[in-house]
Amino acid sequence: FRHVAEETERRLGKVLSSSDLQILFSIYDWRGLPPGVISLLVAHCVEESARRHGPGSRPPTMRQIDKTAAEWEAAGLFAEEAAEAHIHREELRRNAFGDIFRLLGITNRAPTKTEESYVAQWVGWGFGAEATYRAYDKTVVKTGGLHWKYMNSILQSWHEKDLHTLAEIESGDKPGQKAPAARGGAPGQHERDAVARVRESIEKGRKDGLSS
């Protein structure tokens, strides 16, 4: 644990207080994260803090690190390989977020929590930047601007059809595809019966006219 504490102090650039050491020890002992995983955890939290608040900002507190440690414990990240894979997935997810927000023109301010929740849902559904931009384009044409709820309904519709890439959307979401029966084709039994009834009525009318 001494080596864990020394490595954490080096990462955070400060001497840990007694309460900091208690939290760190609970991560090590009670949560059961191995030293290598704790080193990855602290480095990840420091990088995330710098990304959110800018280079040179204050490092994360031990309580903030413990919150992430609880998430890693719940996810079963007790091996360094699993922790590294998790960090990589988070990086890909964050890059997808950035690409989507740039395409939506949100670059000069931080997105709101509601906006982040929408984008998180779209990324979770499996949509990339290209497919999301196609939904954005359709939204702007229909509503005249960025309408989050309307755009979400488009993406939800594609998700329910299992259309996630731009190629899938272009081939599987063509206008009029939902109702092919309305475009003609061989009549069903119901239509044939209706035609037969009309013919019988016409024939009966002719016979009645002749008999009169």
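This is a predicted model: local features need pLDDT of at least 70, side-chain atom pairs count only at pLDDT 80 or more; totals for chains, interfaces and linings use all residues.
User: Why is the pair of Tyr-118 and Trp-148 called stacked?
Analyst: The ring centres lie 5.8 Å apart, with 20° between the planes. Pairing needs centres within 6.5 Å, and stacking needs planes under 30 degrees apart. Both conditions hold, so the pair is stacked. Tyr-118 sits in helix H6 (residues 113-125) and Trp-148 in helix H8 (residues 148-160), so the pair links distant parts of the chain, 30 residues apart.

User: What makes Trp-148 buried or exposed?
Analyst: Its relative accessible area is 14%. Buried means under 20%. Trp-148 is therefore buried.

User: Why is the pair of Tyr-133 and Tyr-136 called tilted?
Analyst: The centres are 5.6 Å apart, and the planes make 50°. Stacked needs under 30 degrees and edge-to-face over 60, so this pair falls into the rest, the tilted pairs. Both residues lie in helix H7 (residues 129-143), three residues apart, about one turn of the helix. In general, an α-helix has 3.6 residues a turn, so residues three or four places apart point the same way.

User: How do you know whether Tyr-133 and Tyr-136 are buried or partly exposed?
Analyst: Tyr-136 has 17% relative accessibility. The limit for buried is under 20%, so Tyr-136 counts as buried. Tyr-133 has 38%. Partly exposed runs between the buried limit and 50%, so Tyr-133 counts as partly exposed.

User: How many aromatic pairs are there, and which residues form one cluster?
Analyst: The count is eight aromatic pairs. Phe-1, Phe-25 and Tyr-28 form one aromatic cluster.

User: How do you know that the span of H3 is close to what is expected?
Analyst: H3 has 19 residues and reaches 27 Å from its first C-alpha to its last. Just after H3, Gly-54 takes a positive phi of about 100°.

User: Which residues of H3 are buried, and what covers them?
Analyst: Among the buried ones are Val-37, Leu-41, His-44 and Glu-48. The cover includes helix H1 (2-12), helix H2 (18-30), H4 and H5.

User: What makes up the lining of the largest pocket?
Analyst: The pocket holds about 1,300 Å³ of space. Its lining has 35 residues, with Glu-48, Arg-51, Arg-52, Arg-94 and Glu-116 nearest the centre. Helix H3 (35-53), helix H4 (62-74), helix H5 (80-103) and H6 each give two or more residues. H5 gives the most, with nine. The lining divides into eleven nonpolar, eleven polar and 13 charged residues.

Note on methods. Residues are numbered from 1 along each chain as its sequence is written. Side-chain values use heavy atoms; hydrogens and water are left out. Rings of Phe, Tyr and Trp (its six-membered ring) pair if their centres lie within 6.5 Å; planes under 30 degrees apart count as stacked, over 60 as edge-to-face and the rest as tilted. Helices (H or I, at least four residues) and strands (E, at least two) are DSSP runs, numbered from the N terminus. Buried means under 20% relative accessible area, exposed over 50%, partly exposed in between (1.4 Å probe, protein chains only). On a 1 Å grid over the protein atoms alone, a cavity is a set of points where a 1.4 Å probe fits but cannot get out, and a pocket is an open set with protein on both sides within 12 Å along at least five of seven lines; lining residues have an atom within 4 Å of a point. Grid points are joined across faces, edges and corners, and a volume is the space filled by probe spheres set on the points. Ala, Val, Leu, Ile, Met, Phe, Trp, Tyr, Cys and Pro count as nonpolar, Asp, Glu, Lys and Arg as charged, and the others, Gly among them, as polar. The expected span of a helix is 1.5 Å times one less than its number of residues. Contact means heavy atoms within 4.5 Å.
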